[in-house]
Amino acid sequence: MTKNDTAKNGRRKNGVSYAKWGYIFIIPFFVVYLCFTLAPQFLTIYNSFFESYRVGLTQVGPNFVGIENYKTLFSPDSSGVILVLKYALNTFVLWILGAVPQFVIALLLAIFFTSYRLNIKGQGFFKTVIYMPNLIMAAAFSMLFYTLFSRVGPIQALLEHWGWIDASFDFFSKQVTVRGMIALMNFLMWFGNTTIVLMAGIMGIDQALFESATIDGANAVQVFFRVTMPLLMPIFVYCLITAMIGGIQMFDVPQVLTNGKGVPNEMTRTLVMYLNGYLTNKNYGMAGAISVFIFVVTGILSGFVYKSLVAQYKDPQRKHRERKGNVL
Amino acid sequence: MSRKLDDNTRGRIKLIVLRVIVYLILIFLTVLCLFFFYLMIINATRSNAQLAAGFTLLPKENFFRNLVNAWTDTSINIPRGMLNSLIIALSSAALTTYFSALTAYGIHAYEFRGKRAIFTFIIAIMMIPAQVSALGFVQMMNKLHLTNSYIPLIVPSIAAPVVFFYMKQYMESVLPLDVIDAARVDGSGEFRTFNTIVLPMLKPAIAVQMIFSFVSSWNNYFVPALLLDKAEMKTVPIMIAQLRSADYSKFDMGKVYMFILLAILPVMITYILLSKSIIKGVTSGSVKG
């Protein structure tokens with residue numbers, strides 16, 4: 001409070017208050033945010049308490065049903081499966097399959113690129129190449145994978161030619177191959193981005209810390225776990241959270257790859273694909289309930305991961321910060 | 001635990017081996033990243049019959065035939081789709097950078113009540129995915145008869161918390177408040193100061209964010225697919241998804257590869273020309289976490 005006041009007084013140099021300009025400049029943002037995000041957000045939540053869907057051409061509802069949609073969402077279907085949890089698990093599995101190699105490789109590359117001892121040449125080229133898939137339209141990338149891996153595609157032909165698979169093999173009939181393709185695409189699209197961000201993080205660490213650790217006799221592994229990792233933690237956590245939130249939104253890749261069907265046996269259907277299904281069928285009650293569910297999951301996950309990871313590395317981090325005077 | 005400082009040659013051999021391994025990993029990843037796109041380009045040069053013959057790494061001569069076939073296709077109007085996507089992406093990029101800079105400037109340069117709370121609020125909503133409000137958004141656009149219109153795909157980009165945050169951070173590093181005071185002394189109005197003095201100083205940040213917002217708008221699929229169902233309004237990602245759901249066996253595969261190539265071409269060209277500044281933009285945007 002006091003800090004705020006002094007800042008305010010400090011800047012009112014010639015006795016004129018410019019405060020109103022601050023408000024004026026942020027008005028467009030907030031008007032648009034209110035109209036196109038916040039109001040729709042509340043409308044979405046509101047919808048989740050109503051029964052509203054279509055059977056053929058007749059519209060049922062909207063009728064207020066309380067938490068009935070949420071009950072339906074979390075009750076098992078005829079075969080005893082709670083669909084939303086199944087799709088949440090699918091989403092998580094698809095994400096983790098891509099995220100584990102993404103973070104391991106990105107961390108490795110970030111260390112390679114920043115190592116003076118290794119002195120890797122052609123970094124600009126490598127970075128340009130590995131970041132490229134991040135900018136590619138996910139829908140087009142996914143369509144490309146479909147064409148390349150389909151029954152009549154070149155990959156199938158090549159592997160048959162090599163005798164690795166026979167003609168009856170279908171990449172799109174097995175859970176492991178479809179999930180593998182989605183994970184591979186997600187990996188390719190994101191590991192370059194993570195590498196670049198982690199690299200910047202490592203370069204932000206004071207070089208003297210690495211030197212003194214080495215002089216003290218620490219080997220490369222020790223330097224990594226005792227110096228690099230603790231100091232990199234805030235950025236690593238940031239990457240992890242954004243990746244996770246991106247993962248919850250996973251849609252374009254599995255949607256286009258499986259033509260919205262989540263083949264095989266809906267084992268690659270994600271939460272947002274589930275939402276999209278209800279949105280296109282105009283079942284707004286259920287779509288609302290799923291939206292709220294995704295909203296809540298996003299909030300919990302980001303808070304949880306952030307807290308647990310920061311707590312784990314808090315002490316060494318603080319020590320280093322005090323010594324160096326806030327390196328990050 | 002004696003230090004082996006004297007063991008020079010062993011250390012050097014170790015380093016060489018390590019370097020070889022690192023380069024092998026890098027080459028493998030490079031090949032993996034480029035392989036699928038290379039196949040796409042090669043396959044876009046082959047006719048349907050040539051494609052049916054199987055796998056090859058060598059180009060054929062049918063590139064222009066495929067291009068003409070794809071460009072003039074009647075069921076998937078790719079030139080129109082690209083025009084729609086271009087209009088939406090360019091307008092979004094312009095609006096999002098200008099207004100994010102304006103908002104960030106409002107927070108950065110002025111002191112007013114509730115400023116801190118507003119800043120925290122914007123940071124808090126940064127994490128909320130667009131999908132969770134899509135239902136209400138689509139419903140509202142239906143009510144306002146704004147489906148099959150550019151407006152709901154362009155105007156919301158005015159409120160982009162991520163771009164705002166980037167601009168705010170950029171201003172902290174390049175925009176001293178003295179400059180603004182000096183402009184005031186010279187009698188410049190607040191709005192004019194922003195447009196003529198502050199904006200030019202933000203040029204690098206604006207350029208980078210324009211590219212990123214152009215790309216994300218060009219690639220955006222979820223919301224546009226819910227709003228656009230008229231053929232002449234569809235954007236490129238919707239057309240690509242349409243390609244996937246069409247009866248595949250009847251398609252000229254050369255044309256399919258050409259469609260995919262066209263869908264990613266504008267972004268690819270931008271990237272090839274500007275990769276250096278784009279990669280720089282990735283880092284400076286998120287380092288502070």
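In the predicted model, helix H11 of chain B runs over residues 203-219.

A loop of chain B is considered next. B:Thr235 is located in the loop that connects helix H12 (222-227) with helix H13 (236-245) of chain B. There are 29 other C-beta atoms within 10 Å of B:Thr235, and a residue counts as buried at 20 or more, so B:Thr235 is buried. When residues up to four places away in sequence are left out, B:Thr235 touches B:Gly81, B:Asn84, B:Ser85, B:Ile88, B:Pro224 and B:Leu228. B:Thr235 and B:Ala225 are 10 residues apart along the chain, and their C-alpha atoms are separated by 8.4 Å.

At the level of domains, the assignment for chain B gives domain 1 (8-65) and domain 2 (74-246). The C-alpha centres of these two domains of chain B lie 36 Å apart. The largest nonpolar core comprises 161 residues, and the members that touch the most other members are A:Ala140, A:Leu198, A:Ile290, B:Met167, B:Ile240, B:Phe259 and B:Ile260. Helix H14 (residues 253-286) of chain B gives the most to this core, with 15 residues. At least three residues of this core come from each of domain 1 (8-65) and domain 2 (74-246) of chain B. For B:Phe259, the residues touched are B:Ala70, B:Ile76, B:Ile78, B:Ile240 and B:Leu243, again not counting residues up to four places away in sequence.

The contact between the chains takes 81 residues from chain A and 74 residues from chain B. On the side of chain A that touches chain B, helix H2 (residues 19-47) of chain A gives the most, with 19 residues. The residues on this side of chain A divide into 56 nonpolar, 19 polar and six charged.

Chain A itself contains 13 helices and two strands. Of its 328 residues, 39% are buried. Contacts in chain A between residues at least 6 apart in sequence were also examined, and 69% of them join residues at least 24 apart. Helix H8 of chain A (residues 175-203) has 29 residues, which at 1.5 Å a residue should span 42 Å; the end C-alpha atoms are 41 Å apart, which agrees.

Several local features of chain A concern the backbone. Most residues other than glycine have a negative phi, and most peptide bonds are trans. The peptide bond from A:Val263 to A:Pro264 is cis, with omega near -15 degrees. A:Pro264 is found in the loop between helix H11 (252-257) and H12 of chain A. A:Asn119 is not a glycine, yet has a positive phi of about 50 degrees. This residue, A:Asn119, belongs to the loop between helix H4 (83-114) and helix H5 (123-131) of chain A. With 9 other C-beta atoms within 10 Å, A:Asn119 is exposed, because a residue with 12 or fewer falls in that class.

A positive phi, about 60 degrees, is also found at A:Lys282, which is not a glycine. A:Lys282 lies in the loop between H12 and helix H13 (284-324) of chain A. A:Lys282 has 14 other C-beta atoms within 10 Å and is therefore partly exposed. A:Gly277, placed in helix H12 (residues 271-280) of chain A, is likewise partly exposed, with 18 other C-beta atoms within 10 Å. A:Gly277 and A:Phe103 are 174 residues apart in sequence, and their C-alpha atoms are 31 Å apart in space.

How values were computed: Residues numbered from 1 in each chain as written. Chains lettered and ligands numbered in written order. Predicted model: local features only at pLDDT ≥ 70, side-chain atom pairs only at ≥ 80, totals over all residues. Helix = DSSP H or I, 4+ residues; strand = E, 2+ residues; numbered from the N terminus. Expected span 1.5 Å × (residues − 1). Domains from an automatic or database assignment. Contact = placed C-beta atoms within 7 Å. Nonpolar A, V, L, I, M, F, W, Y, C, P; charged D, E, K, R; others polar. Core = buried A, V, L, I, M, F, W, Y, C linked by C-beta atoms within 7 Å.
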